[in-house]
Number of protein chains: 2
Amino acid sequence: MAGEKKPAFAGHVTADDVAVAAGVSRWTVNRAFRKDASISTKSLEKVMVAAERLGYVPDLRAASLASDRSNLVALLIDDFANPHKLVMMEHLTRILRREGWDILLVNTLNRDDAGHALLNASQRRVDAVILIGIQFDDEVLETALHARRFRKLIIFARTSRNPNTISIAVDDVHAMKEIANYVHERGYRRPMFLAGPRTYSAHLLRKETFVEYWRGHFGVEPETVAVAAYDPALAADIVTDTLAGRNAEALPDIIVCENDALAIGAMDVIRHKLRLRVSEDIAITGFDDVPQADSPNYRLTTYRQPISDMVEYLVEVLGSSEDRDFDRLFQGKLIARESA
Amino acid sequence: MAGEKKPAFAGHVTADDVAVAAGVSRWTVNRAFRKDASISTKSLEKVMVAAERLGYVPDLRAASLASDRSNLVALLIDDFANPHKLVMMEHLTRILRREGWDILLVNTLNRDDAGHALLNASQRRVDAVILIGIQFDDEVLETALHARRFRKLIIFARTSRNPNTISIAVDDVHAMKEIANYVHERGYRRPMFLAGPRTYSAHLLRKETFVEYWRGHFGVEPETVAVAAYDPALAADIVTDTLAGRNAEALPDIIVCENDALAIGAMDVIRHKLRLRVSEDIAITGFDDVPQADSPNYRLTTYRQPISDMVEYLVEVLGSSEDRDFDRLFQGKLIARESA
DNA sequence: TTTCATCTTGCTCGCGAGAGCAAAAATGGA
DNA sequence: TCCATTTTTGCTCTCGCGAGCAAGATGAAA
């Protein structure tokens with residue numbers, strides 16, 4: 001009380017210090033920082049004034065340890081060449097933070113590393129794991145799930161058949177049918193599908209859907225090419241290797257890409273390597289509607305995922321303690337621009 | 001011992017359980033998971049076998065609480081439109097993880113939010129904070145530093161004059177002089193400088209250096225234009241507003257950009273809005289050497305920062321307990337491509 | 001004023017580890 | 001083989017907070 005001046009070394013100010021300063025018990029101090037706790041406005045104010053003066057903030061490690069809820073989620077990601085990841089991260093970090101969740105960011109270096117990444121997260125006792133990476137196989141997920149290291153394992157922006165994971169994604173099947181119809185209506189007849197890497201657990205149904213739908217409805221089997229990563233530069237190499245030297249009739253009239261990262265790489269090749277015109281000679285579609293897709297340089301026809309809605313749903317899932325099936329598909333939107 | 005089967009619910013397997021299973025004490029179990037601890041190979045193995053079987057992993061929250069070292073660093077970021085952020089994050093997440101550091105990712109929504117973001121981090125008792133965002137003002141940093149909420153506050157890829165922060169950055173002054181000389185040597189005489197937002201604490205000395213150097217050495221004051229964010233789309237708007245309608249003599253012959261994000265936006269405008277040729281009509285330089293800069297579409301002359309080296313130095317700083325001046329400038333490299 | 005319900009406050013115990021020390025075991029040299 | 005040294009192991013105490021309960025304060029109804 002009497003001008004007892006500690007050198008405000010906030011790193012080690014504890015609730016006890018505040019309690020003494022405010023003339024209440026330690027538990028009242030902690031209660032003041034919990035939104036659910038019952039506390040009188042009088043002591044709340046006393047505590048807050050003292051805390052402010054001493055520079056006290058509660059230690060979430062201890063809170064987490066005692067309550068068995070960490071309010072921490074791990075975000076596992078690996079596909080850093082794909083610009084859409086930046087978009088997803090922006091939404092995830094902003095909205096999760098608004099809802100009081102902190103994020104542990106883990107770079108899953110490669111498929112073999114996924115298990116370690118999961119283990120890493122589990123050591124911090126995260127409440128949930130969000131996968132926005134692509135390199136995971138079922139075995140790893142099964143192991144983690146079986147060990148019940150997390151309450152929830154959420155696969156974001158990708159569908160999963162694993163009944164124990166929660167998948168929040170766009171409706172790829174519907175989307176690709178819409179794209180296929182659009183492409184056909186616009187008069188394209190020789191599509192080539194440019195696909196990304198095949199993963200085990202978390203699938204994109206885009207290639208399968210497009211190919212089957214096109215074959216079923218328009219009678220021909222589209223050519224498909226796969227790229228080992230969602231990397232524009234890599235996509236460019238593959239497309240160059242595939243198309244360079246072909247004469248006009250052997251070229252596709254449109255390249256339907258699994259996402260914008262691939263589409264951007266492919267478009268660069270059409271223009272600068274094949275020296276053809278985009279849309280007139282070879283059209284192109286993407287998926288994701290990354291910011292670049294709207295640039296005057298690309299004007300890419302693509303398909304927008306409702307990322308904000310998906311993340312809002314994600315926080316709803318995180319907050320829920322029910323044990324139901326949380327899987328959900330969202331409807332996206334075709335964005336027609338000049339590339340197709 | 002005798003086939004006592006718990007339903008391997010790893011979420012609640014504690015060191016005590018493993019101790020019983022392995023026939024040692026709890027402390028021996030914990031020691032087995034610490035690299036510095038003294039333990040016999042025999043008990044190490046016993047513990048590891050038991051831990052593996054039960055699915056035990058140490059609880060880093062508790063370890064952190066007891067040892068006052070969290071092995072956690074906060075990464076504060078805000079500039080999600082800039083593709084270079086993805087590059088930095090990839091390096092940071094990969095190398096920090098390799099060295100045993102976990103990352104708490106915090107999206108600093110805006111300048112007013114920086115204080116909250118810092119507070120957020122401090123509640124998790126992170127060992128250090130790394131800023132790769134741009135919106136911080138001195139007041140906020142001073143408050144955080146004064147409260148000593150973190151052992152280290154590192155400003156990455158940006159220089160700071162604040163003596164209490166650690167700045168790990170590229171030598172902007174040297175870099176811009178090199179760029180200015182290159183530009184002049186290549187015969188450009190009417191440069192325009194396209195700058196990003198001005199921040200308080202963490203400066204980029206690029207604009208100042210370029211403008212002063214050019215004026216001092218070549219006698220004329222270059223025109224400068226500022227963009228409110230490192231966002232290609234925003235840069236495109238500003239450049240369009242600035243240059244559209246000018247006749248040829250009033251146009252710059254080169255646009256020197258503070259970074260690639262701006263350069264990419266500007267280049268799109270030159271081609272698709274002004275309908276001019278890049279390099280022949282208006283040349284352009286960037287900074288960062290983002291992946292896109294190398295694409296056949298841009299072929300941007302730019303300046304590469306040695307991000308890997310910088311992050312390696314960062315982990316060295318994190319690991320050090322000395323109390324010296326850790327500020328360091330790295331030398332980058334001019335990457336000449338076709339855009340200038 | 002009394003009585004009972006409600007709100008607030010303080011307390012015991014526990015969360016899962018680490019520091020640091022003391023006891024026990026292993027090791028080595030004469 | 002014996003004693004001194006070194007290594008390994010176990011233990012007490014602590015880190016900062018929360019759950020849940022009991023005691024105390026407050027207030028409304030009788």
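Me: At what relative accessibility does Glu223(B) count as partly exposed?
Reply: This is a predicted model, where local features need pLDDT of at least 70, side-chain atom pairs count only at pLDDT 80 or more, and totals for chains, interfaces and linings use all residues; side-chain values use heavy atoms, without hydrogens and water. Residues are numbered from 1 along each chain as its sequence is written, while chains are lettered from A and ligands numbered from 1 in the order in which they are written. Buried means under 20% relative accessible area, exposed over 50%, and partly exposed in between (1.4 Å probe, protein chains only). Glu223(B) falls in the partly exposed class, at 29%.

Me: Which residue meets Glu223(B) in a salt bridge?
Reply: A salt bridge needs a side-chain nitrogen of Lys or Arg within 4 Å of a carboxyl oxygen of Asp or Glu. Side chains of opposite charge can pair when their charged atoms come close. Here the N to O distance is 2.6 Å, and the partner of Glu223(B) is Arg246(B).

Me: How many residues apart are Arg246(B) and Glu223(B)?
Reply: Helices (H or I, at least four residues) and strands (E, at least two) are DSSP runs, numbered from the N terminus. Glu223(B) sits in strand S9 (residues 223-226) of chain B. Arg246(B) is in the loop between helix H10 (232-243) and S10 of chain B, and the pair links distant parts of the chain, 23 residues apart.

Me: Is Glu258(B) buried or exposed?
Reply: Glu258(B) lies in the loop between strand S10 (254-257) and helix H11 (260-272) of chain B. Its relative accessible area is 0%, so Glu258(B) is buried.

Me: Which backbone nitrogen does the side chain of Glu258(B) reach?
Reply: A polar contact is a pair of N or O atoms within 3.5 Å; within protein, one must be able to donate a hydrogen and the other to accept it, and residues adjacent in sequence count only if both atoms are side-chain atoms. Contact in general means heavy atoms within 4.5 Å. Leaving aside neighbours within four places in sequence, the contacts of Glu258(B) include Phe193(B), Leu204(B), Tyr230(B) and Phe287(B). At 3.4 Å, its side chain reaches the backbone nitrogen of Gly196(B).

Me: How many residues apart in sequence are the parts that Glu258(B) and Arg198(B) tie together?
Reply: Glu258(B) forms a salt bridge with Arg198(B), with the closest N and O atoms 3.3 Å apart. Arg198(B) lies in the loop between strand S7 (191-195) and strand S8 (202-203) of chain B, and Glu258(B) in the loop between S10 and H11, so the parts they tie together are separated by 60 residues.

Me: Which element gives the most to the surface near DNA strand C?
Reply: A residue is near a strand if one of its heavy atoms lies within 4 Å of it. By that rule 25 residues surround DNA strand C, and Asp59(B) is among the closest. Its polar backbone atom is 2.6 Å from a phosphate oxygen; helices H2 (26-32) and H4 (60-67) of chain A and helices H2 (26-32) and H4 (60-67) of chain B each give two or more residues. With 5 residues, the most comes from H4(B).

Me: Which residue forms a salt bridge with Asp59(B)?
Reply: Both members of the pair are buried. The closest N and O atoms are 2.7 Å apart, and the partner of Asp59(B) is Arg61(B).

Me: How many charged residues does the surface near DNA strand D have?
Reply: Ala, Val, Leu, Ile, Met, Phe, Trp, Tyr, Cys and Pro count as nonpolar, Asp, Glu, Lys and Arg as charged, and the others, Gly among them, as polar. The surface near DNA strand D has 13 nonpolar and 8 polar residues. The number of charged residues is 4.

Me: Which residue has a polar backbone atom 3.5 Å from a base nitrogen of DNA strand D?
Reply: Of the atoms of DNA strand D within 4 Å of the protein, 59% belong to sugar or phosphate and the rest to bases. On the phosphate side, the side chain of Ser40(B) has an N or O atom 2.8 Å from a phosphate oxygen. On the base side, the residue is Ala62(A).

Me: How many disulfides does the structure hold over all chains?
Reply: A disulfide is a pair of cysteine sulfur atoms within 2.5 Å. Cys257(A) is buried at 1%, and Cys257(B) is buried at 1%. The disulfide count over all chains is 0.
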